[in-house]
Amino acid sequence: MDPPGHRGTEMPKPSKPIDAHIAWTADYCKHCSTCITICPVKNLEFKDDEMTSLGKCTQCLLCMKYCPDFAIEVEAKKK
Ligand code: SF4
Ligand code: SF4
């Protein structure tokens, strides 16, 4: 089964789950902190250069939409 948000075009990328609904790709991330700033519930944080989720994600998808490098993917909320 494909992981959530899988785009399925290029090489498999080493994204890793940082939460039940969030995957982050270190290789794509340029540490601009846009996602951290945009998150309305302050769920994202860097810990030693690693993106971490504080378990407060509401799956609003803003971080994914605003990340300039497609480094963070959030699974859409199920109805
Ligand atoms: S999906 Fe929304 S709530 Fe979840 S980490 Fe991203 S910006 Fe924050
Ligand atoms: S917005 Fe994207 S590139 Fe910027 S810190 Fe967040 S995950 Fe990394």
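The shell around ligand 1 splits into 10 nonpolar residues, three polar ones and no charged ones. Keep in mind that this is a predicted model. The protein has 79 residues, and buried ones make up 24% of them. Here's a quick tour, starting with the ligands.

**Ligand 1**
- There are 13 residues around ligand 1, and the ones that come nearest are Cys 39, Cys 57, Cys 60, Leu 62 and Cys 63.

**Ligand 2**
- The residues surrounding ligand 2 include a run from Cys 29 through Lys 30, His 31, Cys 32, Ser 33 and Thr 34 to Cys 35.
- Cys 67, Asp 69, Ala 71 and Ile 72 are also among the residues around ligand 2.
- By type, that shell has six nonpolar, three polar and two charged residues.

**The core**
- The largest nonpolar core holds 15 residues, and Ile 22, Trp 24, Cys 35, Cys 63, Cys 67 and Ile 72 touch the most other members.
- β2 supplies the largest share, at three residues.
- Leaving out residues up to four places away in sequence, Ile 72 touches Ile 22, Trp 24, Cys 35, Met 51, Cys 63, Met 64 and Cys 67.
- Ile 72 turns up in the ligand 2 shell too, as do Cys 35 and Cys 67, while Cys 63 is listed for ligand 1.

**The fold**
- You get two helices and five strands, and along the sequence they run β-β-α-β-β-α-β.
- Of the contacts between residues at least 6 apart in sequence, 48% join residues at least 24 apart.

Definitions and conventions. Residues are numbered from 1 along each chain as its sequence is written. Chains are lettered from A and ligands numbered from 1 in the order in which they are written. This is a predicted model: local features need pLDDT of at least 70, side-chain atom pairs count only at pLDDT 80 or more; totals for chains, interfaces and linings use all residues. A residue is near a molecule or strand if its C-beta atom, placed from the backbone, lies within 6 Å of it. Ala, Val, Leu, Ile, Met, Phe, Trp, Tyr, Cys and Pro count as nonpolar, Asp, Glu, Lys and Arg as charged, and the others, Gly among them, as polar. A nonpolar core is a set of buried Ala, Val, Leu, Ile, Met, Phe, Trp, Tyr and Cys residues joined through C-beta atoms within 7 Å. A residue is buried if 20 or more other C-beta atoms lie within 10 Å of its own, exposed if 12 or fewer, and partly exposed in between; C-beta atoms are placed from the backbone. Helices (H or I, at least four residues) and strands (E, at least two) are DSSP runs, numbered from the N terminus. Two residues are in contact if their C-beta atoms, placed from the backbone, lie within 7 Å.
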